[in-house]
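Here is a short briefing to read alongside the model. Please keep the sequence and the 3D view open as you go.

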Amino acid sequence: DLFAPIIETIVGQMLPLWFFGKFTRNSTVLITISAGIFMALHYPVIEFFPSAFAVGWIFAWAWVVKRKENVRVAFWAVALSHALHNALVALLASVFM
């Protein structure tokens, strides 16, 4: 889906990091919470949970790093990375499955 990376960036990174950032400035805690939410977005395919958590952690880390520039840069860096990741996974699945 073309819009999944955009929606998941908003729900999986932007909103959780903003909301939980009101309670802690600990980047590791914020990134881990965001990764857990990103992982939960991929329910009911529980087999994806470990990889979804890992990828969610990387996307949240990228958000935290790029957010220092501004929200727009963080948003598009993560959304486009997510779209590229999804395209690569789809390509590999079509080749090997």
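This is a predicted model: local features need pLDDT of at least 70, side-chain atom pairs count only at pLDDT 80 or more; totals for chains, interfaces and linings use all residues.

Residues are numbered from 1 along each chain as its sequence is written, and side-chain values use heavy atoms, with hydrogens and water left out.

**Overall fold**

- There are four helices and zero strands in the chain (DSSP runs numbered from the N terminus: helices are H or I with at least four residues, strands are E with at least two).
- Starting at the N terminus, the order of elements is α-α-α-α.
- The chain is as compact as a globular protein of its length, because its radius of gyration of 13 Å is close to the 13 Å given by the globule rule for 97 residues (taken over C-alpha atoms; the rule is 2.2 Å times the number of residues to the power 0.38).
- The C-alpha trace spans about 45 × 25 × 20 Å along its principal axes.
- Of the 97 residues, 28% are buried (under 20% relative accessible area; exposed is over 50%, partly exposed in between; 1.4 Å probe, protein chains only).
- Among contacts with a separation of 6 or more, 51% join residues 24 or more positions apart (contact means heavy atoms within 4.5 Å).

**Helix α2**

- Helix α2 covers residues 27-40, and its 14 residues reach 20 Å from first C-alpha to last, close to the 20 Å expected at 1.5 Å a residue (1.5 Å times one less than the number of residues).
- Its buried residues are Leu30, Ile31, Ser34, Ala35 and Phe38.
- Seen down the axis of α2, these buried residues fall within an arc of 135°, so they line one face of the helix (the arc is that of the directions from the helix axis to the C-beta atoms).
- The cover over the buried residues of α2 includes α1 (4-20), α3 (49-67) and α4 (71-96).

- His82 lies in α4 and counts as buried because its relative accessibility is 2%.
- Leaving aside residues up to four places away in sequence, His82 touches Pro5, Glu8, Thr9, Phe38 and Phe59.
- Ala77 is also in α4 and is partly exposed, at 23% relative accessible area.
- The C-alpha atoms of Ala77 and Ala62 are separated by 7.6 Å, with the two residues 15 apart along the chain.
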